[in-house]
Amino acid sequence: MTATESTANRTAALQHAEPPQVAPQHAATRRAAHGQAALEPKAAPEVANSQAATQLTANRFPVHPQPAAEQAAVRVPAAPRSADPQAATEHPRREQPAIEVRGVHKTFGTHEVLRGVDLTVRPGEVVTVIGPSGSGKSTLLRVINHLEDLDAGTVRIDGELIGYRIRGDVLYPLRDSEVRKQRARIGFVFQQFNLFPHLTALQNVTLAPLTAQRRDRAEVEREARELLTRVGIGELADAYPRRLSGGQQQRVAIARALALRPRVILFDEPTSALDPELVGEVLDVIRDLADGGTALVIVTHEIGFAREIADTVVFIDAGAIVEQGPPTEVLDHPSHSRTRAFLARVR
Ligand SMILES: Nc1ncnc2c1ncn2[C@@H]1O[C@H](COP(=O)(O)OP(=O)(O)O)[C@@H](O)[C@H]1O
Ligand SMILES: [Mg+2]
């Protein structure tokens with residue numbers, strides 16, 4: 001189903017007041033039918049009833065993907081951020097998280113791929129995400145970057161809500177152009193590199209800063225050359241992707257992510273598509289970034305690398321975080337049998 005079709009279906013679904021005889025794939029609507037969420041088609045924010053909002057299950061913030069102009073309002077509990085008491089204890093200055101994922105649910109068809117995910121990443125923290133194939137790792141990254149909309153929950157980057165605007169206790173979807181602007185501050189490195197084949201390495205790196213961020217061309221190009229040098233391929237600035245090895249292409253992709261001057265970079269199995277002899281050069285570049293103050297979330301099957309680089313290892317299985325903690329705990333002394341079973345399989 002395309003995004004447009006999906007939005008159209010959801011729109012149709014919301015026009016049925018109750019009971020919602022909707023296709024089963026609309027998770028937010030299904031939750032509404034089960035009293036877990038209050039969907040309020042066409043409600044104005046000023047009439048939102050805070051008592052109803054507080055009846056929502058904690059960490060379940062249903063959202064609605066329509067354009068802002070004709071949106072259906074959805075009530076959410078007010079001020080859900082910084083609710084992590086552990087983070088407050090560890091960081092008495094109550095540092096703003098770089099990434100804050102709260103109560104995120106995502107369903108494809110009838111398959112609930114993310115089942116209430118909470119994740120906090122501090123500025124400069126390196127988080128590696130491990131878990132079986134199909135457990136929802138890529139979807140989690142895509143949700144953080146708002147490449148997927150949410151059925152419930154919130155994502156914040158540096159405190160800013162991603163993909164939605166909140167007024168009172170109601171979430172409104174942002175326009176595509178606004179989402180693109182937000183996304184331009186979040187680096188994303190894909191397994192398959194996803195470089196534009198018709199653009200040179202340099203042009204791949206400068207594209208988003210010039211278009212989405214509208215920065216000065218001379219400055220952007222100078223910075224892009226520096227970034228390509230930093231990832232070890234300065235001399236390949238004018239080469240097209242087809243002329244580059246997989247490792248070189250992935251390093252262009254990392255330079256492209258860095259060119260956004262992001263607070264956060266998300267990596268989805270950045271070395272999985274590489275020949276074994278090229279894995280090291282890409283891991284070296286990522287290792288270098290880990291000291292740079294940018295928060296990194298890295299989905300990886302390289303357990304040794306995950307151990308070495310991570311402040312925090314997150315193990316995800318069947319759409320839920322099973323356990324998370326320092327590598328010495330999660331990888332060496334996992335507390336959950338599913339983590340132990342997974343590690344036994346991949347080692
Ligand atoms: N766009 C999509 N449409 C339908 N199903 C999807 C879509 N994206 C992912 N899935 C399904 O969601 C599940 C989790 O996928 P994914 O997040 O890619 O897992 P992982 O990255 O952990 O391997 C898989 O069962 C996958 O088939
Ligand atoms: Mg994946």
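**View 1. Strand β11 and its parallel neighbours.** Over five bridges, β11 and strand β12 (residues 295-299) pair in the parallel sense; the model shown is a predicted one, in which local features need pLDDT of at least 70, side-chain atom pairs count only at pLDDT 80 or more, and totals for chains, interfaces and linings use all residues. Residues are numbered from 1 along each chain as its sequence is written, while chains are lettered from A and ligands numbered from 1 in the order in which they are written. Strands here are DSSP runs of E with at least two residues, helices are runs of H or I with at least four, and both are numbered from the N terminus; two strands pair if DSSP finds at least two bridges between them. Look for F267, whose bridge partner in β12 is I298. Strand β10 (residues 186-189) also pairs with β11 in the parallel sense, over four bridges, and there G187 stands opposite I265.

View 2. With helix α10 (residues 276-290), β11 and β12 make a right-handed β-α-β unit: with the strands pointing away from the viewer, the path from the first strand over the helix to the second runs clockwise.

**View 3. The hairpin of β8 and β9.** Strand β8 (residues 164-167) and β9 pair in the antiparallel sense over four bridges. R167 has V170 in β9 as its bridge partner. Two residues lie between the strands, and G168 takes a positive phi near 65°. From β9 (residues 170-173), V170 and Y172 point one way and L171 and P173 the other way, and all are buried.

**View 4. The shell around ligand 1.** Among the residues surrounding ligand 1 are F108, V113, K137, S138 and T139; a residue counts as near if its C-beta atom, placed from the backbone, lies within 6 Å. Helix α5 (residues 137-144) gives the most to this shell, with three residues.

Methods. A residue is buried if 20 or more other C-beta atoms lie within 10 Å of its own, exposed if 12 or fewer, and partly exposed in between; C-beta atoms are placed from the backbone.
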